[in-house]
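Please open the model in your viewer and keep the selection panel at hand. The tour moves from stop to stop, each with something to select.

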Amino acid sequence: MSKPRAYSVKAYSAASATSPLSGISISRREPTESDVQISILYCGVCHSDLHYVRNEWNFTQYPAVPGHEIVGKVTAVGSGVKKFKVGDTVGVGCLVDSCRTCPDCQAGLEQFCAGMVMTYGSMDRHLEAPTLGGYSQSIVVTEDFVLRIPSNLSLAAAAPLLCAGITTYSPLRHWKVGPGQKVGVVGLGGLGHMGVKFARAFGAHVVLFTTSPGKAADAQRLGAHEVVVSKDEAQMAAHAGSFDFILDTVSATHDINAYFNLLKRDGNLVLVGAPEKPLPVAAFPLIFRRRSFSGSLIGGLPETQEMLDFCGKHNITSDIEMIKMDQINTAYERMLKSDVKYRFVIDMASLK
Ligand code: NAP
Ligand code: ZN
Ligand code: ZN
């Protein structure tokens, strides 16, 4: 493959694990035959962006440009592009390519492909440089990894569906959460608030666990039937052995064993949060009641489109707080304090 020509766009990046984000100029490839060029209008701020920028997972490449909840308008398409045309409203999530041939790719589960290319932090096969994310003015992505945004949804509020949305939709669907089940969601942040909305839309009885008592009224407005303040032992004990399924979205170290005890026999706790440090797991809460502890990673391209279409049909979007690009460092500090209602979204017009 010959190296395509590149053009410059403005972006926001971190130079090291301890640097704040600031303005930079980056290269994007000119669209090749199968590529879609997108002018980015909004980009959601995921806690993974913060983990990555601060090298908490030990694979960050600097300068790091995060952002994988991207929505925008198509500004150019390659000669072989069939699904999109200039002017379309589109989205890009956590993946921008994969090997296309392995069993995972064939099953539409590109997130598990050993050759997946993440929107940031992977190697770009075209430019032979690290991929750079959506805190930028434009991005070029092969058409098979570009998604359609239903026209009835607010574009800014739809951006977080590309990661927070699919990451919670996918495990709830995979484990067939629905009517008659009691479902817990742990943490009311970006992922958690989408988990509450989806679990409610799928017909489950939804209980939200929070460390922030001040979020209780919002949790109910978002769809939770009950709210439990997880630091209150009596409130936790009242739910012992009663859950079919719990979705844990917490971004930091916490006592996971307390949640195993809330599952029924054969109940399942699915971890989607990706804390920096390992979580200690006690054997007895699992083995005595044949409980499961599982994980889940975003979702493949077909399921991400299915989720977006479901959101279009049911009018589901994220509850957002819009920020300007130069407010990103303050937004990160607020996210660390669990002070986010419930997803920051960057208005990319503010990147000048
Ligand atoms: P977020 O908006 O910061 O929300 C995390 C929530 O967890 C907080 O709002 C808070 O909710 C709770 N929390 C934070 N610190 C806590 C602590 N020490 N103990 C207990 N609860 C705590 O983050 P996010 O964007 O939703 O992401 C959540 C996690 O999922 C991150 O680790 C992220 O990297 C990961 N992630 C994974 C995937 C995947 O594919 N598996 C995809 C995207 C993100 P309360 O105030 O309600 O307690
Ligand atoms: Zn994310
Ligand atoms: Zn593959």
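What volume does the largest cavity have? The largest cavity has a volume of about 80 Å³, where a cavity is, on a 1 Å grid over the protein atoms alone, a set of points where a 1.4 Å probe fits but cannot get out, and a volume is the space filled by probe spheres set on the points, which are joined across faces, edges and corners.

Before going further, note that this is a predicted model, in which local features need pLDDT of at least 70 and side-chain atom pairs count only at pLDDT 80 or more, while totals for chains, interfaces and linings use all residues. Residues are numbered from 1 along each chain as its sequence is written, chains are lettered from A and ligands numbered from 1 in the order in which they are written, and side-chain values use heavy atoms, with hydrogens and water left out.

Next, select the zinc ion (ligand 2), which is coordinated by Cys 46 (SG), His 68 (NE2) and Cys 163 (SG) at 2.0 to 2.2 Å; donors are N, O and S atoms within 2.8 Å of the metal (3.2 Å for Na, K and Ca), and water is not among the atoms, so sites may look incomplete. Cys 46 lies in the loop between β3 and α1, and His 68, 22 residues apart from it, in the loop between α1 and β4; helices (H or I, at least four residues) and strands (E, at least two) are DSSP runs, numbered from the N terminus.

Now display the open sheet of six strands, whose order is β14-β13-β12-β15-β16-β17 with parallel pairing; two strands pair if DSSP finds at least two bridges between them. β14 (226–229) and β17 (292–295) stand at the edges with a single partner strand each, so one side of each is left without a neighbour in the sheet. Zoom in on β16 (residues 263–271), which pairs with β17 over four bridges, and find Leu 271, whose bridge partner in β17 is Gly 295.

Key: On a 1 Å grid over the protein atoms alone, a cavity is a set of points where a 1.4 Å probe fits but cannot get out, and a pocket is an open set with protein on both sides within 12 Å along at least five of seven lines; lining residues have an atom within 4 Å of a point.
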